[in-house]
Each structure stands twice: as structure tokens, then as C-alpha cells.
Amino acid sequence: LYKMEGHKKVFISDCQVSDWVVGDCSKSCAGGKRQLRRTITVAPNGGMACPPLLATEPCNTQKCPIDCRLGLWSGWSSCSAKCGGGVRS
């Protein structure tokens, strides 16, 4: 690796990164995307390189709700009884 001379110390460190910070989803339903970010907490010094700092993932993949749409009113039905209090709908 390194040739050490005298009392010099060689310090090798691997890259270390923070936990992912999750961004907002681009859509509220029907499949959006969100970005994940992390930062370098310890810079590499001759050790392992840093992993990716940005990533994207799908989010809110559920279907969007459908607004209820009613048709025009139809006529009344026939009365359910000839006398004595029937029902029409």
C-alpha cells in the first residue's frame, strides 16, 4: 500500500454516508417518484469509494379515487300498493 518512513502514520478511511433523506412524492396517486438523498459524513482517504448519494423510488402507486358521477333523474316508479300506503322510488 504505502511505504512508511520514520514515524509517519498512514491514515486510510472508507467513505461513510448518512441515512437516506426521503423527499416528497411527485404525485398524490397513480404512481409518482420521490428522490432520496444522503451526504458524505466521512470522506474516503485511500479506502472504499462513496456509494451513490442520490436515488429515486416509486411512491403513491395506489389508484386515484374516481369522482362519483350521477346520471339524470328518471321518472317515478309505479306505486307498490293499489291502496293503503305504497311506495314509489
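# Notebook: cysteines and the sheet

I started with C79. Its sulfur is 9.5 Å from the closest cysteine sulfur, which belongs to C83, and that is too far for a bond. The cut-off I used for a disulfide is a pair of cysteine sulfur atoms within 2.5 Å. I also looked up the accessibility of C79, and at 41% relative accessible area C79 is partly exposed. I note here that I am reading a predicted model.

**Entry: C68.** I checked how open C68 is. C68 has 66% relative accessibility and counts as exposed.

**Entry: disulfide search.** How many disulfides does the whole structure hold? My search of the whole structure returned three. For my own reference, a disulfide is a covalent bond between the sulfur atoms of two cysteines. I then took the pairs one by one.

**Entry: C15 and C50.** A disulfide joins these two cysteines, with an S to S distance of 1.9 Å. I looked up the torsion about the S-S bond of C15 and C50, which is about 95 degrees, so this disulfide is right-handed. Where do the two cysteines sit? I found C15 in the segment before β1 (16–17) and C50 in the loop between β4 (40–42) and β5 (54–59). The pair therefore ties together parts that are 35 residues apart in sequence. Next I checked whether each end is covered. C15 is buried, at 12% relative accessibility. C50 is partly exposed, at 28% relative accessible area.

**Entry: C25 and C59.** I found a disulfide from C25 to C59, S to S 1.9 Å. The link of C25 and C59 has 90 degrees about the S-S bond and is right-handed. C25 lies in the loop between β2 (21–22) and β3 (32–37), while C59 is in strand β5. These are distant parts of the chain, 34 residues apart. Is C59 buried or exposed? C59 counts as buried, because its relative accessibility is 5% and buried means under 20%.

**Entry: C29 and C64.** I found a disulfide joining C29 to C64, with S to S at 1.8 Å. The torsion about the S-S bond of C29 and C64 is about 95 degrees, so I logged the disulfide as right-handed. I placed C29 in the loop between β2 and β3, and C64 in the segment after β5. This pair also links distant parts of the chain, 35 residues apart. C29 is buried at 13% relative accessible area. C64 is partly exposed at 36% relative accessibility.

**Entry: pairing pattern.** I numbered the bonded cysteines of the protein in sequence order. Which pairing results? The pattern reads 1-4, 2-5, 3-6.

**Entry: the sheet.** I turned to the strands. An open sheet of three strands runs in the order β2-β3-β5, and the pairing is antiparallel. I looked at the edges next. β2 and β5 stand there, each with a single partner strand, so one side of each has no neighbour in the sheet. β5 is also the strand that holds C59. For β2 and β3, which run antiparallel, I counted two bridges.

Notes. Residues are numbered from 1 along each chain as its sequence is written. This is a predicted model: local features need pLDDT of at least 70, side-chain atom pairs count only at pLDDT 80 or more; totals for chains, interfaces and linings use all residues. Side-chain values use heavy atoms; hydrogens and water are left out. Helices (H or I, at least four residues) and strands (E, at least two) are DSSP runs, numbered from the N terminus. Buried means under 20% relative accessible area, exposed over 50%, partly exposed in between (1.4 Å probe, protein chains only). Two strands pair if DSSP finds at least two bridges between them.
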